[in-house]
Amino acid sequence: MKPIFANSAFVTAPERLVLRKGRWRSLPLKVRYGLFRHPEAGLVLVDAGYGPRVVRGARSLALRLYNALFGPKLVEDGQPEAVLRQLGATPADVAVVVLTHVHADHVSTLDLFPQARIIAKTGLLAQVENRGLWQNLNHGVFAELLPKGLAARAADVDGFALRDAPLGLGRGRDLFGDGSVLAIDLPGHAEGHYGLCFAALPVPLLYAVDTQWLLAALPEERQPGFPASLIANDRQALAESARRVLAFRQAGGDVLLCHDPGQSPYDLSEVRP
Ligand SMILES: [Zn+2]
């Protein structure tokens, strides 16, 4: 049950902003989301990437500003509908969407999947629904991108049983009851941020999402400072999460991040027939 990861968009940023002592050259950062077929649960999406709702059409002023600032360039054949088509499926076939956190680049095509069961931190979803525009913006959350009633159809990550993850990673929530996919809390980047460990692969994979932007930035001495540190929800927790992810990698695990510009063996372009 190897997951594949598609790239929904590119965002360019100077390397120096996302890597301490990096260069000033511009890096094309990817905005990945994952997809796998679980034998019982069916087609599962991991986050939902950047989509058209961020870059065009009716949007709040705040979202327009956000779009102007980050300027994501959508990859048309990396959008969920196109990727699913390539796999002989449609958005209606997606049974489950696992949301690692609710930043715009992880949720903006969610309205394609009105039937899917959501796995998320349900307390966080309720909080987002209940608090005001500014409080949400303060956490980098655009509630307008979240479909109405999302919390009501979500299962809480923290309601699943705890199980040991491989290679000393600690414990995670067993999302499908068979130990194949464990949700691993990786706090710091955003409220409720967690990653997924694909524990049953020959080489276990940790999708560490936004623990850092670049794999090269996982060691403490390469973690970016200001202004990247401003975005972090909790800087100390972020450093601790990065340590945990790096230790997993050093113990022989594979690590994938959402935005790393490198080509990964899990990237869709490399698994195309
Ligand atoms: Zn994020």
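Predicted model: local features only at pLDDT ≥ 70, side-chain atom pairs only at ≥ 80, totals over all residues.
Colleague: What is the arrangement of the four donor atoms around the zinc ion?
Modeller: The arrangement is irregular, because the four donor atoms subtend angles of 87 to 175°. Residues are numbered from 1 along each chain as its sequence is written, and side-chain values use heavy atoms, with hydrogens and water left out.
Colleague: Which residues are the protein donors of the zinc ion?
Modeller: They're His-101 (NE2), His-103 (ND1), His-189 (NE2) and Asp-210 (OD), lying 2.1 to 2.3 Å from the zinc ion. Donors are N, O and S atoms within 2.8 Å of the metal (3.2 Å for Na, K and Ca); water is not among the atoms, so sites may look incomplete.
Colleague: And what spacing do the donors follow along the chain?
Modeller: H-x1-H-x85-H-x20-D. His-101 and Asp-210 link distant parts of the chain, 109 residues apart.
Colleague: Are His-101 and Asp-210 buried or exposed?
Modeller: Both are buried, meaning under 20% relative accessible area with a 1.4 Å probe, counting protein chains only.
Colleague: New topic: how much of the protein chain do buried residues make up?
Modeller: 55% of the 273 residues.
Colleague: What about the box its C-alpha atoms fill?
Modeller: Roughly 45 × 40 × 40 Å, taken along the principal axes.

Notes
Tetrahedral: all angles 85-135°; square planar, octahedral: opposite > 155°, others 65-115°. Helix = DSSP H or I, 4+ residues; strand = E, 2+ residues; numbered from the N terminus. Buried < 20%, exposed > 50% of the residue type's maximum accessible area, 1.4 Å probe, protein only.
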